[in-house]
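This briefing goes through one structure by topic. Look at the sequence and the 3D view first, then read the points below.

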Amino acid sequence: MTSYIAAEEHGGSILIPPVSEIIVGVVAFAVILFVLAKFVFPRMEETFKARVEAIEGGIERANAAQAEANELLEQYKAQLADARTEAARIRDEARADAEAIRQDVLAKAREESDRIIAAGQENLRTQREQLVRELRSEIGTLAVDLAGRIVGESLADEARSRGTVERFIAEIDAPAASGGRR
Amino acid sequence: MSKSPNVLAAEFPPGVESFDFGTLVPALEGTMWAQAVTKITLLVWLSVAILIVFFLVAYRSPKVVPTKGQWIAESVYGFVRDGIAKDIIGNKHGVRFAPYLTTLFVFILLNNLWGIVPFAQISPNSHIAFPITLALFTYVLYFAVGIKAQGLGHYIKSSIWVSGAPLWVQPILVPIELFQVLLLRPATLAIRLFANMFAGHMILLVFTLGGVALMNADAVFLKPVAVLSWGMAIVMTLFELFILSLQAYVFTLLTATYLQSSVDPAH
């Protein structure tokens with residue numbers, strides 16, 4: 001019975017805290033709150049942030065690398081296309097050059113041959129003319145000599161003889177000139 | 001009446017005196033500081049020491065890729081930060097209160113856990129002083145946050161005025177809301193935790209000491225019942241594990257809810 005009375009006396013006290021316990025509680029909780037909230041959890045937030053950045057940074061880096069690779073690929077493709085058109089252009093040019101050179105050479109050769117032919121013809125013509133001229137004088141003398149011998153008399157009369165020879169040569173020359181043109 | 005309930009089956013049935021622990025420093029006997037150094041306060045300091053050492057050691061050199069200890073510490077923080085703070089208070093302000101809420105959570109959890117740790121076998125939170133202390137911290141914090149975030153007048157108005165209710169109901173609602181904000185919130189916070197831990201300890205005492213009493217009983221047929229009683233004590237210990245975790249969670253959750261109503265008046 002006494003224990004029940006004692007319990008009831010205590011019973012009031014379970015809801016009325018001793019001041020010293022409250023003080024202990026306040027100090028203890030303040031200490032742990034201070035340490036954890038100052039030295040531990042902010043660093044955790046930093047780590048979380050670093051982790052997010054690491055992941056996002058990784059993705060970003062990968063994206064950047066991808067973009068760079070694409071850019072390089074485009075660049076190479078463009079360069080390749082450039083090189084192809086350049087090669088085609090050079091080929092075309094070379095072909096055109098070759099054709100031009102060929103034409104040039106041909107033209108030159110033709111010109112040369114024409115020139116040579118013309119020179120030959122000129123040469124031939126002057127020689128022929130010279131020959132004709134020489135022949136003309138020689139034939140005159142020869143004919144006069146022969147005629148003098150055959151007739152046996154000197155045709156000393158210069159003026160008569162010259163007229164006779166020239167008439168003779170003109171007679172010979174007329175058909176010869178029409179045939180020589182051919 | 002024995003001062004030491006540590007002696008098995010000191011008395012049966014257990015009563016409120018089972019929660020009284022004598023001071024460990026005889027010099028303080030009879031002074032107001034007698035209760036400052038007892039098994040209870042020793043366990044509180046032990047909790048503080050264990051948590052501080054654990055977190056500081058686990059986080060002495062944090063890595064982006066965590067070690068096992070760091071991962072556990074981060075998981076505890078992440079659980080409260082993402083599961084309670086961000087979830088209840090919102091992404092914008094939640095992270096700001098995560099350190100306080102996490103500290104609150106681990107401190108209550110470990111102190112509750114002493115209730116079922118062999119040889120400790122008593123939770124400091126079964127002494128109302130500690131739940132009251134924690135409730136006071138929360139109380140001061142959510143008032144301070146509310147006044148800072150909304151201004152004194154606006155905070156009081158948003159706390160007691162039920163927007164949307166018809167004007168003629170307000171004379172009834174305002175006193176109720178006022179009573180709730182000023183007294184009910186901290187009182188229920190403290191009493192819920194205290195009562196759960198108190199009752200839990202009492203139940204374990206009843207089954208454990210009851211078993212001893214049955215074993216010592218003169219009637220032989222009562223002795224097997226003692227085994228049943230101890231079996232129940234084991235079952236109840238497991239049940240206690242559930243309750244004490246839940247209470248730590250509930251205390252933190254409600255604190256977050258009160259902080260949310262301080263930060264965000266639109267509630």
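This is a predicted model: local features need pLDDT of at least 70, side-chain atom pairs count only at pLDDT 80 or more; totals for chains, interfaces and linings use all residues.

Chain A contains three helices and zero strands. Read from the N terminus, the order of elements in chain A is α-α-α.

- Chain A has 182 residues, and 7% of them are buried.
- Helix α1 of chain A covers residues 2–13, and helix α2 of chain A covers residues 19–151.

Confidence in chain A
- The average pLDDT of chain A is 83, and 84% of the residues score at least 70.
- Helix α2 of chain A has the highest confidence in the chain, with a mean of 91.
- Helix α1 of chain A has the lowest, with a mean of 44.

Contact between the chains
- On the chain B side, 37 residues are in contact with 35 residues of chain A.
- Four helices of chain B, α1 (39–58), α2 (68–89), α3 (91–113) and α4 (129–150), each supply at least two residues of the side that touches chain A.
- The most comes from α1 of chain B, which gives eight residues to that side.
- By residue type, the side of chain B that touches chain A has 28 nonpolar, seven polar and two charged residues.

Conventions: Residues are numbered from 1 along each chain as its sequence is written. Chains are lettered from A and ligands numbered from 1 in the order in which they are written. Two residues are in contact if their C-beta atoms, placed from the backbone, lie within 7 Å. Ala, Val, Leu, Ile, Met, Phe, Trp, Tyr, Cys and Pro count as nonpolar, Asp, Glu, Lys and Arg as charged, and the others, Gly among them, as polar. A residue is buried if 20 or more other C-beta atoms lie within 10 Å of its own, exposed if 12 or fewer, and partly exposed in between; C-beta atoms are placed from the backbone. pLDDT is the predictor's confidence in each residue, from 0 to 100.
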